[in-house]
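Colleague: Could you walk me through this model and tell me what stands behind the terms you use? I would like to set each label against its cut-off.

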Amino acid sequence: YQRRVHGATASISWSYSIKWVEDPEVAWVSRWDHYLRSSDANADNIHWFAIVNSLLIVLCLSGMVAMILLRALHKDFNRYNNPDNEDEAQEETGWKLVHADVFREPQGAKWLSVFAGTGAQLLGMSCITLIFALLGFLSPARRGGLMTTMLVLFALMGSVGGFVTAVFAKMFHEQAWGTILLSGLFFPGLVFGIFFVLNIGLWAQAATTAVPFLMLIGLIALWFFVSVPLVFFGAAVGYKRPPLEPPQAVGPIPRCIPTQRWHMHPVLMVLGAGAVPFGAAFIELYFILSSLWLNKFYYVFGFFGLVMAIMMVTCAEISVVLVYFQLCYEDYRWWWRSFLYPASIGAYLLLYSIYYLSTSLHIHGWWSLIIYFSYMTIMSFALAVACGTIGLLTSLVFVRYIYTALKVD
């Protein structure tokens, strides 16, 4: 350090020393506890507040689902399946009226199969990663251990994604290996394409965060030689299984859908549905984003596991409730809607990332903003596909259940 004093330049050397003192009372397994404790004394209270907030949302939704299953459906079954009910025999109303159309193949059935398989692959990866984290296998001493585990598990879960894609494709009469290839290439290709373009920009700027070329080759090898073959293996198993037969025969001519009320508009229902699971998880999102963008440790995987489980239950319940209301209004186009209802949480996450950028981050430069929004877009899309798959699978089980129990002349 140089400083001018009375016209002359004086050099001052600054130095410091460190003395390491071993604490015999600290065990090896708990050596990171000091760093993992949050600097905010009220952090634990905030986590518990997030859990209570999420539980209240789930309890309200569970009450609505219980009311539908135990009261409304029981009343509907008694009314529809009672041969002595002359009023119902004269005029069919409600979800019974669309029994010949409810299992009709949706438009874009191939893409719905691909999204379902990709969502199942993401869910499998997330659940197993969370289990490893809860068991203590992911230590902050291993930099990049979490990301490496997620990449390897995503590749290994390709068999699950291929199986789910094949089951839906066979049910929709879209049984073709091109659909399976699309399932194995679409989401990984989209993510890798964005990542590769960003990495080229980091190479151009000689940034230390740029991924080496050999590691990119390793990622491509993991994708094409592990993930894609496992996708085809799972699809081969799925194609050998008998198709899911609809419990009600599909009519030859699609039924006209009556004019819907304003509050049943698809855009309003989809946007409103996504706000519910987002409300159950948005408090915990602050800590997750802080660990990603502010270099803070996030190791409260127990809280994260509870919030994740609550969010998954919320996605399932909101899909069941809205699909039932939709069928009651004689609108049988529920396939994509059941996926989009909880999938809209991705849009809320992307909007929240803008709020988080303006309030917690100080990012300067257009390239840094591009990197931030690119990665947040990938996260939002992945969350949307995973949550949408939960809604689709739950709604499929629900719709098959009510129409299996329905007696149709």
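Colleague: What makes the contact between Arg333 and Asp331 a salt bridge?

Modeller: A salt bridge needs a side-chain nitrogen of Lys or Arg within 4 Å of a carboxyl oxygen of Asp or Glu. Between Arg333 and Asp331 the N to O distance is 3.0 Å, so the pair qualifies under that rule. Please keep in mind that this is a predicted model, in which local features need pLDDT of at least 70 and side-chain atom pairs count only at pLDDT 80 or more, while totals for chains, interfaces and linings use all residues. Residues are numbered from 1 along each chain as its sequence is written, and side-chain values use heavy atoms, with hydrogens and water left out.

Colleague: Why is Asp331 called buried, and why is Arg333 called partly exposed?

Modeller: Buried means under 20% relative accessible area, exposed means over 50%, and partly exposed is in between, with a 1.4 Å probe and protein chains only. Asp331 has 2% relative accessibility, so Asp331 counts as buried. Arg333 has 45%, so Arg333 counts as partly exposed.

Colleague: How many salt bridges does a search of the whole structure find?

Modeller: Four. One of them joins Arg104 and Asp101, with the closest N and O atoms 2.6 Å apart. Arg104 has a relative accessible area of 18%, so Arg104 is buried. Asp101 is at 3% and therefore counts as buried.

Colleague: Is His173 buried or exposed?

Modeller: His173 has 63% relative accessibility, so His173 counts as exposed. His173 sits in the loop between H6 and H7, and its phi is positive too, near 60°.

Colleague: And why is Ala166 called buried?

Modeller: Ala166 has a relative accessible area of 0%, so Ala166 is buried. Ala166 belongs to helix H6 (residues 158-171). From Ala166 to Trp177 there are 11 residues in sequence and 9.0 Å in space, C-alpha to C-alpha.

Colleague: Why is the pair of Trp111 and Phe115 called tilted?

Modeller: Rings of Phe, Tyr and Trp (its six-membered ring) pair if their centres lie within 6.5 Å; planes under 30 degrees apart count as stacked, over 60 as edge-to-face and the rest as tilted. The count by this rule is 31 aromatic pairs. For Trp111 and Phe115 the centres are 6.1 Å apart and the planes make an angle of 40°, so the pair is tilted. Both residues lie in helix H4 (residues 109-134), four residues apart, about one turn of the helix. Trp111 is at 33% and so counts as partly exposed, whereas Phe115, at 14%, is therefore buried. They belong to one aromatic cluster, whose members include Phe154, Phe186 and Trp336.

Colleague: How do you know that H9 bends?

Modeller: The bend at a residue is the angle between axes fitted to the seven residues ending there and the seven starting there. At Phe282 that angle is about 50°.

Colleague: Which residues form the nonpolar patch on the surface?

Modeller: Phe196, Ile200, Trp203, Phe213, Leu214 and Ile217 form the patch, with about 600 Å² of accessible area together. Patches are made of residues with over 30% relative accessible area and no salt bridge; like charges are joined within 9 Å, and nonpolar side chains (Val, Leu, Ile, Met, Phe, Trp, Tyr) within 5 Å. The areas come from the Shrake-Rupley method with a 1.4 Å probe, and for residues only the protein chains shown count as cover. Ile217 is at 40%, so Ile217 counts as partly exposed. Helix H7 (177-204) and helix H8 (213-240) each supply at least two residues of the patch, and Ile217 lies in H8.
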